[in-house]
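Visitor: I have a model to look at with you. Could you walk me through it?

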Amino acid sequence: MGQIEWAMWANEQALASGLILITGGIVATAGRFTQWYFGAYSIVAGVFVCLLEYPRGKRKKGSTMERWNYYVRAVLHLLLSVPAGFLLATILGTACLAIASGIYLLAAVRGEQWTPIEPKPRERPQIGGTIKQPPSNPPPRPPAEARKKPSEEEAAVAAGGPPGGPQVNPIPVTDEVV
C-alpha cells in the first residue's frame, strides 16, 4: 500500500468544516443571538473555505490555487477558525477547521505537494502486429483440453467401442418373455 496523502484528508476535512460553519452561522443569525455578527462571520468564513477547498480536483496544473502552500493553508484555516469559536452554534465547524489546519500542517511538514492526476495516454495496439495467425477453427471453440489429439483409448471410445477391445459381460443375460 502507498503512503497516506494527508493533504487529501485535510482538503476533505476543511470542506466539511466550511459546510458546518455555514450551517452553524445560519442557525446563529436566525436564532437572533446577541452576537449575530459571529454568526455572519461564520457564514462568510464557511463560504470562503468551501470556495477555496472545493475545486481541488478540478484545477489545472499551473493554476493560482495550486501554488497555495500547505503552510499558508494551515495558518489561514487556523486564523479563520478562531472568531467562529465564540458561539455554541459554530463551535463544531471551528473544531473541524482547526483539525483541518493541523492536518495541512502535517502534510506541509511531510513535504507533500499537490499534483493533478492526469490520465495516461492509451497506446493503441497495431492491428496487424497482434494477430500472428488467423484462427483455423470457427467459433464456438472447445476448451484447450478438448482440442488435444485423442489417445488410442479415447479414439476407440469415440468410435463406439469400449477401450481396450470388446468387453465380456460377467452376468448372463437371458430374455425370457412370459
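Guide: Gladly, and a definition comes before we start: a crossing is left-handed if the near helix is turned anticlockwise from the far one by less than a right angle, and right-handed if clockwise. This is a predicted model, where local features need pLDDT of at least 70 and side-chain atom pairs count only at pLDDT 80 or more, while totals for chains, interfaces and linings use all residues. Residues are numbered from 1 along each chain as its sequence is written, and side-chain values use heavy atoms, with hydrogens and water left out.

Visitor: Which hand does the crossing of helix 2 and helix 3 have?

Guide: Helices here are DSSP runs (H or I, at least four residues), numbered from the N terminus. The axes of helix 2 and helix 3, lines fitted to C-alpha atoms over the stretch in contact, with angles from 0 to 180 degrees between N-to-C directions, come within 9 Å and cross at roughly 160°. The crossing of this pair, helix 2 and helix 3, is left-handed.

Visitor: Which residue forms a salt bridge with Arg 73?

Guide: A salt bridge is a side-chain nitrogen of Lys or Arg within 4 Å of a carboxyl oxygen of Asp or Glu, and a search of the whole structure finds one. The pair links distant parts of the chain, 20 residues apart, with Arg 73 in helix 3 (residues 70-84) and its partner in helix 2 (residues 36-53). The closest N and O atoms are 2.7 Å apart, and the partner of Arg 73 is Glu 53.

Visitor: Is Arg 110 buried or exposed?

Guide: Arg 110 sits in the loop between helix 4 (91-109) and helix 5 (127-130). Buried means under 20% relative accessible area, exposed over 50%, and partly exposed in between (1.4 Å probe, protein chains only). Arg 110 has 56% relative accessibility, so Arg 110 counts as exposed.

How values were computed
Helices (H or I, at least four residues) and strands (E, at least two) are DSSP runs, numbered from the N terminus.
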